[in-house]
Amino acid sequence: MSFCKWVSFALIIIIHLLNSCQISSSSSLTSNGFSQIPPKFLALAKRDDFFDWMVGIRRKIHENPELGYEEVETSRLVRTELEKMGVPFKYPVAVTGVIGYVGTGQAPFVALRADMDALAMQEMVEWEHKSKIPGKMHACGHDAHTTMLLGAAKLLKEHQDELQGTVILVFQPAEEGGGGAKKIVEAGVLKDVSAIFGLHVTNQLSLGQVSSREGPLLAGSGLFEAKISGKGGHAALPQHAIDPILAASNVVVSLQHLVSREADPLDSQVVTIAKFEGGGAFNVIPDSVTIGGTFRAFSTKSFTQLKKRIEQVITRQASVHMCNATVDFLNEEKPFFPPTVNEKGLHTFFKNVSGDMLGTQNYVEMQPLMGSEDFSFYQEAMPGHFSFLGMQNEAHSPMASPHSPYFEVNEDLLPYGASLHASLATRYLLDLKTSSPDKSYQKDEL
């Protein structure tokens, strides 16, 4: 063989080998075993066309933020993208929610959740795709969450024939205090689901890292507002008035004792007064004062005890100062969030899947946080797992925390979230089939 012919033959062999190593959307996910599913999905999600598509969606959502139960245009965008994929869905669910379905249409069922709502705050980040709605901003990453779940839907649809059951896509409204998850559960659309998974972006981890823990992850939370009424009068003649400001001040101090002197130091709890309104003049004692705040705990027992004692302290301390007090826990409009608690088996499963995709060194064990999440409503109804996905770019300055007007999303994390969602769902269904080959699942059609 001449040198030129040998070189040509070698080039043909090399090209063939390279092509055989590339991942295409039609390749089998399980051709090299279950452990290869996550890295294959990640490679697919990192394709230029796929990444650009996700970035475009995220920026559209970011420019048009909508508050809880007002996500009309956001849910319209979600439905439009699902229709393009050929993914069936139900709408409306829980006012503005969308529930999509990918797979066989039969049991077993596994769910993936993303929240869609924004926050009532003015964006201070100056960039091309800044919020176009004054006083509203995606400052907690829900625009990225929605985008990543749409990305997962696209990946799953491309491999629908390999799904061993049905993936339910939950595009949820009103996480920010509105309890949208509670309404989703009450709607009954998840009654046959075996497990549900949720992700949240975080600036506390580097890009490509994940964090979670078994057991209690986030606290249960509630809100309260109290009106303390006295008798107004001239500030120079306090003896003729009943001062609600003095009463309210003592209430605030006494409430701090609930944690420092009544709670077990090993049982984390929080009571914070974040609102104090009373009076509008320098020389007038007002008729009433309004205070408000939040309380948090990791157990239902501690949470219930805090609620009981908050009401007692407010009403009785007000009485000491000859004032009257009423307490409203606002549960109708802002329902109490239960603690977010990860099921042990699902946490082990999550570590295995994320380890296969990112490497076990990129899992970070998380300490419990006093923040709260309405994902906990799903966990009360079915096994569930919640985790955090890093987006901090080490080459840039530290990113602002959620709920800051300077909050930003590193869009490079979008492929990670989409592929992790898709991997968790696909692997969960495959694991169910292989671990219970003789199990007879209910064959209800959607």
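Residues 220-318 form a span that is 38% helix and 33% strand, and its end C-alpha atoms lie 27 Å apart. Helices here are DSSP runs of H or I with at least four residues, strands are runs of E with at least two, and both are numbered from the N terminus. Welcome to a predicted model, where local features need pLDDT of at least 70, side-chain atom pairs count only at pLDDT 80 or more, and totals for chains, interfaces and linings use all residues. Residues are numbered from 1 along each chain as its sequence is written, and side-chain values use heavy atoms, leaving out hydrogens and water.

**What the record says**
- UniProt lists residues 220-318 as "domain: Peptidase M20 dimerisation", in an unreviewed entry.
- UniProt positions follow the numbering used here, feature names are shortened, and annotations may be inferred rather than shown by experiment.

**The eight-stranded sheet**
- An open sheet with mixed pairing holds eight strands in the order β1-β2-β4-β3-β5-β16-β6-β15; two strands pair if DSSP finds at least two bridges between them.
- At its edges are β1 (89-93) and β15 (363-365), each pairing on one side only.
- On average, neighbouring strands of this sheet are turned by 25 degrees against each other, direction ignored.
- Strand β6 (residues 210-212) runs parallel to β15, and three bridges join the two.
- Within this pair, V210 has Y363 of β15 as its bridge partner.

**A helix on the sheet**
- Helix α11 (residues 414-435) packs on the sheet and touches β3 (109-115), β4 (166-172), β5 (193-206), β6 and β16 (384-392); contact means heavy atoms within 4.5 Å.
- The direction of α11 makes about 150 degrees with that of β5.
- For such angles, axes are lines fitted to C-alpha atoms, for helices over the stretch in contact, and the values run from 0 to 180 degrees between N-to-C directions.

**Cis peptide bonds**
- Y91 and P92 are joined by a cis peptide bond with omega of about -5 degrees, and P92 is found in strand β1.
- From A107 to P108 the peptide bond is also cis, with omega near 0 degrees; P108 lies in the loop between β2 (97-103) and β3.

- A94, in the loop between β1 and β2, has a positive phi near 55 degrees.
- A94 is buried, with a relative accessible area of 13%.
- H403, in the loop between β16 and α11, has a positive phi near 70 degrees.
- H403 is partly exposed, with a relative accessible area of 42%.
- Buried means under 20% relative accessible area, exposed over 50%, and partly exposed in between, using a 1.4 Å probe and protein chains only.
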